[in-house]
Amino acid sequence: MRIVIVEDSVLLREGLIRLLVDAGEEVVGTAGDAEEAMVVVEAEQPDIVVTDVRMPPDHTDEGLRAAIEIRRRWPATSVLVLSQWVEERYATELLAGSTVGVGYLLKDRVADVRDFVDAVRRVGEGGTALDPDVVSQLLATSRHRSPLEALTPRETEVLKLMAEGRSNRAIAHVLVVSDGAVEKHVSNIFMKLDLPIAEVDHRRVLAVLRYLEAAP
């Protein structure tokens, strides 16, 4: 299996190389930051990229954002993310699409060499490897997430105006858009708030109630 390792810590990078080479795998390239990773992946077209999350220049979430971009540019390349913690926003984005050839492990798992190598091989072959702690945290976050977070800024603006009691035509006038555009936004709001057509319930009222319950 052809592997690229993206890790800014030289010691950890060399350790990962040694583990994988000793296991019979081929490390075809390495990178110390997200920008370099893109160049190496494009040149080598590896089976899998093993990447850290935090790396230069800001040491925040560059590696995870790079993983998302790699999946976008080269869908056939698998990605295994290693991190000391769960970066919820981009982890959710990474896992939101196809989970074929995607993994997210906490670095503590690397201590078990056999499990780590198995995870690399499984993800590289199109499987999935998700740390139980990652799954638990993402599920816990999703349970407490406001349904309004699914709305776009424009849809939120439309819902706010609905809560003020404005009609679709009045909303169109305020936002300087067509009646049809407002109707489309309202339809999207109903769908995202899981408000299907019903004979009894008035979806507009229910949507406003959802907004008032979730609004700060």
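This is a predicted model: local features need pLDDT of at least 70, side-chain atom pairs count only at pLDDT 80 or more; totals for chains, interfaces and linings use all residues.
Residues are numbered from 1 along each chain as its sequence is written, and side-chain values use heavy atoms, with hydrogens and water left out.

The protein has 10 helices and six strands, these being DSSP runs numbered from the N terminus, with helices taken as H or I of at least four residues and strands as E of at least two. Of its 216 residues, 41% count as buried, where buried means under 20% relative accessible area, exposed means over 50% and partly exposed lies in between, with a 1.4 Å probe and protein chains only. Among contacts between residues at least 6 apart in sequence, 63% join residues at least 24 apart, a contact being heavy atoms within 4.5 Å.

Helix packing can be followed from α9. Two packed helices are described by the angle between their axes and the distance between the axes. Here the axes are lines fitted to C-alpha atoms, for helices over the stretch in contact, and angles run from 0 to 180 degrees between N-to-C directions. Helix α8 (residues 168–175) packs against helix α9 (residues 179–192) at an angle of about 110°, with the axes 9 Å apart, and the two helices are therefore roughly perpendicular to each other, the classes being under 35 degrees for roughly parallel, over 145 for roughly antiparallel, 65 to 115 for roughly perpendicular and oblique for the rest. On the α8 side the contact is made by Asn 168, Arg 169, Ile 171 and Ala 172, and on the α9 side by Asp 179, Val 182, Glu 183 and Val 186. These residues divide into four nonpolar, one polar and three charged, with Ala, Val, Leu, Ile, Met, Phe, Trp, Tyr, Cys and Pro counted as nonpolar, Asp, Glu, Lys and Arg as charged, and the others, Gly among them, as polar.

Helix α9 also meets helix α7 (residues 153–163), whose axis comes within 9 Å of that of α9 and crosses it at roughly 95°, which makes α7 roughly perpendicular to α9. In this contact, Arg 154, Glu 155, Val 158, Leu 159 and Met 162 of α7 meet His 185, Val 186, Asn 188, Ile 189, Phe 190 and Lys 192 of α9, a set that divides into six nonpolar, two polar and three charged residues. Glu 155 and Lys 192 form a salt bridge, with the closest N and O atoms 2.9 Å apart. Because Glu 155 lies in α7 and Lys 192 in α9, the pair ties together parts that are 37 residues apart in sequence. Glu 155 counts as buried at 4% relative accessibility, whereas Lys 192 is partly exposed, with a relative accessible area of 29%.

Arg 18 and Asp 22 form one with the closest N and O atoms 2.9 Å apart; both residues lie in helix α1 (residues 10–22), four residues apart, about one turn of the helix. Arg 18 is exposed at 57% relative accessible area, and Asp 22 is exposed at 56%. The side chains of Arg 121 and Glu 25 also meet in a salt bridge (2.6 Å, N to O). This pair links distant parts of the chain, 96 residues apart, with Arg 121 in helix α5 (residues 113–124) and Glu 25 in the loop between α1 and β2 (26–31). Arg 121 counts as partly exposed at 28% relative accessibility, while Glu 25 is buried, with a relative accessible area of 13%.

Some backbone features lie in loops. Most residues other than glycine have a negative phi, and most peptide bonds are trans. The peptide bond from Pro 56 to Pro 57 is cis, with omega near 5°, and Pro 57 lies in the loop between β3 (48–52) and α3 (62–73). Val 176, in the loop between α8 and α9, has a positive phi near 60° and is exposed, with a relative accessible area of 71%.

Conventions: A salt bridge is a side-chain nitrogen of Lys or Arg within 4 Å of a carboxyl oxygen of Asp or Glu.
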